[in-house]
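Please keep the sequence and the model in view while reading.

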Amino acid sequence: MGLAWFCHGPPLYLRQRIQDTFAKRRNSPRSAPLATSLDTRGSYTYSRPLTFTGTDTSVHTMERSLKNVLVVSFGFLLLFTAYGGLQNLQSSLYSQNGLGVATLSTLYSAVLLSSMFLPPILIKKCGCKWTIAGSMCCYVAFSLGSFHASWYTLIPTSILLGLGAAPLWSAHCTYLTIMGNSEAQKSGKLSKDVVNQYFGIFFLIFQSSGVWGNLISSLVFAQTPTQETISEEQLLSCGANDCLMATAASNSTQPPSQQLIYTLLGIYTGSGILAILLVAVFLEPVKDKLETKGEKRLSSPTFWSTILSTFTLFRDRRLCLLILLPLYSGLQQGFLSGEYTRSYTTCALGIHFVGYVMICFSATTSLCSLLFGKVSKYTGRAALYGLGTATHLSCIIVLLVWHPHPTQLAIFFLLPGLWGMADAVWQTQNNALYGALFEKNKEAAFANYRLGEALGFVIAFGYSSFLCVSVKLYILLAVLSLTMVAYGTVEYLESRATGEITAAGKKTIQEEKGEMQTEM
């Protein structure tokens, strides 16, 4: 009644936010919240109180939620300890005829296609838990295919891995968002704060996989004969001056024996199998609906509407602007794992230092993910995005002007550490931002996020072999600048929408008071 005048003009997503806001205001610890619905005229109708399924106390529920977050986190830790270490070695272990680079390009092209269709379908049909477990099997298949590395084994298994990657990440993000929203609703906290905290815990544990994966590969390959000294002539073409793929860098290190490669692959495969068992046995299924007593559930969406949900969400202008965030995330990760490790670390120090440099990156990302997940409720996400932007801008400028030399060993580890600190901002805040803004379309939103990130990886690996490193750094600089402009626009739209909701709420309360006084 009081909001009918207001809901004729604003867009649909704003009306949904108004509905959610007033529903939360009417929630009280002494009474169950009322289910609300918004009819075509913008008026609110109220039905019977919502009842939450289950009889657990709030403390017990919080412990269960935290347990499930830890199960997902350690499952990803085990899985990406294997995959992350194997990915970093693709271009070095399988350099013949460009097999390693072709494998990575094929893999992320498959992720790109998978992001368009598979995540919403699998999550709706199988649920988050079994989507995660099934997708993990695709990663183990890739490790098994590496035992007999050839075009006939790595390319098909990389396609299979790519098809499973997008559903895996979309299901994980959806699962953590649902758990965070549910816990916030029961504890009376803000949803975005709890979701941020859960993503912080996840990325603290998950990002450490880079430490263990690279440490395992470094220890296994430490039995390789001593590396040769890198010449001063080769050092002149390192860093931003590196144009095209330098062959001298890979010639400075003798390849590991086949026995050592089999040992490493056996460890990685076992780690992936443990991840599947952990999720399948200990992770609890979760549903993203509050059921009402005596009422039927809404009919489930059709098959084609589920497929098209990934694309129809682009009608929301916020998503069109935010697509640059995952695109830049993929670009910057591709640059570090591809260009920095080859053109800076391997070129100037040797391939045996790659694992240790990436350990520094992974450790920093892991610790900062937990830190940013906790402090975001005090600083706000805009301040963290500003920190990440300033850090990456500084690193890009240094990489453009720096001439790497073995005597400057500390810089080789300092730059990945700073890069990892900024990467922690993108990983935690991007996922939390998508979950907060697109709460009603989480599956499609996270599928779009994986789509953008996969596109960034495809572009990074696609131009890897024919652009100079300096050109790639300038591309990163330009994309980062555009990304922050687009993000700032979304923050402005959100603040304006929040102001309109607040103003509408105040006016509605005044009208209700006036009606009560008139009746009296």
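Which residues lie nearest the centre of the largest cavity? In this predicted model, they are Phe80, Gln87, Phe206, Gln333 and Phe457.

**Cavities**

- The whole structure holds 4 cavities of 30 Å³ or more, according to the search.
- A total of 30 residues line the largest cavity.
- Sorted by class, this lining consists of 16 nonpolar, 11 polar and 3 charged residues.
- Helix α2, which spans residues 58-88, gives the most to the lining of the largest cavity, contributing 5 residues.

**Ser343**

- Ser343 is located in helix α13, which covers residues 324-348.
- Ser343 counts as buried because its relative accessibility is 0%, and buried means under 20%.
- A polar contact of 2.6 Å joins the side chain of Ser343 to the side chain of Asp242.
- Apart from residues up to four places away in sequence, Ser343 touches Cys238, Gly239, Asp242 and Val469.

**His172**

- His172 is located in helix α5, which covers residues 151-187.
- With a relative accessibility of 0%, His172 counts as buried.
- When neighbours within four places in sequence are left aside, His172 is in contact with Val72, Phe76, Ile132, Phe199 and Phe202.

Notes. Residues are numbered from 1 along each chain as its sequence is written. This is a predicted model: local features need pLDDT of at least 70, side-chain atom pairs count only at pLDDT 80 or more; totals for chains, interfaces and linings use all residues. Side-chain values use heavy atoms; hydrogens and water are left out. Helices (H or I, at least four residues) and strands (E, at least two) are DSSP runs, numbered from the N terminus. Buried means under 20% relative accessible area, exposed over 50%, partly exposed in between (1.4 Å probe, protein chains only). A polar contact is a pair of N or O atoms within 3.5 Å; within protein, one must be able to donate a hydrogen and the other to accept it, and residues adjacent in sequence count only if both atoms are side-chain atoms. Contact means heavy atoms within 4.5 Å. On a 1 Å grid over the protein atoms alone, a cavity is a set of points where a 1.4 Å probe fits but cannot get out, and a pocket is an open set with protein on both sides within 12 Å along at least five of seven lines; lining residues have an atom within 4 Å of a point. Grid points are joined across faces, edges and corners, and a volume is the space filled by probe spheres set on the points. Ala, Val, Leu, Ile, Met, Phe, Trp, Tyr, Cys and Pro count as nonpolar, Asp, Glu, Lys and Arg as charged, and the others, Gly among them, as polar.
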